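Dear colleague,

I am handing over the structure that you will be working with from here on. Please look through the sequence and the model below before you read my notes.

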Amino acid sequence: MAEPFFEIITPEQAHKEMADPQVVVLDLRDETEYADGHIPSAVCLPLYRLEKDAQRLFPDRNQRILLYCLSGRRAMQGARLLALDGYRRLAVFGGIQNWPFEIT
């Protein structure tokens, strides 16, 4: 079986894409980590809830979804899960620890 497809992009590329209000930014950290600081437009959806909640929250599998976590590991796992579930426009931009822009 082929590896599910998703892009790996830089934080700078992700930041440019976030100007589009149709782009979803998913923070796959848990609620406590999210509360400690997150990208302003990000939706908190911890990795452990992704499979259960993604279809309900994001029914359009062609919607652009950018994923991040703390270091990038959970974002990669999440992108694989979503790709296997039929999501087509996924990109991982790593972790918030490498995010050079504003957090709230």
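In what sense do E4 and E5 pair, and over how many bridges? E4 and E5 pair in the parallel sense, over four bridges, where pairing requires that DSSP finds at least two bridges between two strands. The names are those of DSSP runs numbered from the N terminus, with helices (H or I) of at least four residues and strands (E) of at least two.

Before going further, please keep in mind that this is a predicted model, in which local features need pLDDT of at least 70 and side-chain atom pairs count only at pLDDT 80 or more, while totals for chains, interfaces and linings use all residues. Residues are numbered from 1 along each chain as its sequence is written, and side-chain values use heavy atoms, with hydrogens and water left out.

The sheet

Five strands form an open sheet with parallel pairing, in the order E1-E5-E4-E2-E3. Its edge strands are E1 (7-8) and E3, each of which pairs on one side only. Helix H4 packs on this sheet and touches E1, E2, E4 and E5, and its direction makes about 145° with that of E4; such angles run from 0 to 180 degrees between N-to-C directions, with axes fitted to C-alpha atoms, for helices over the stretch in contact.

Strand E2 (residues 24-27) is covered on both faces, since Val24 and Leu26 on one side and Val25 and Asp27 on the other are all buried, a word used for a relative accessible area under 20% (1.4 Å probe, protein chains only), with exposed meaning over 50% and partly exposed lying in between. E2 pairs with E4 (residues 65-69) in the parallel sense over four bridges, and there Leu26 stands opposite Leu67. E2 also pairs with E3 (residues 43-44), again in the parallel sense, over two bridges, and the partner of Asp27 in E3 is Cys44.

Asp27

Asp27 counts as buried because its relative accessibility is 0%. Its side chain is joined to that of Arg29 by a polar contact of 2.7 Å, that is, a pair of N or O atoms within 3.5 Å, of which, within protein, one must be able to donate a hydrogen and the other to accept it, residues adjacent in sequence counting only if both atoms are side-chain atoms.

Leu90 is found in strand E5 (residues 90-95) and is buried, with a relative accessible area of 2%. Not counting residues up to four places away in sequence, Leu90 touches residues including Phe5, Ile65, Leu67 and Leu82, a contact being heavy atoms within 4.5 Å.

The cysteines

A search of the whole structure finds zero disulfides, defined as pairs of cysteine sulfur atoms within 2.5 Å. The sulfur of Cys69 is 12 Å from the closest cysteine sulfur, that of Cys44, and is therefore too far for a bond. Cys69 is buried at 1% relative accessibility, and Cys44 is buried at 18%.
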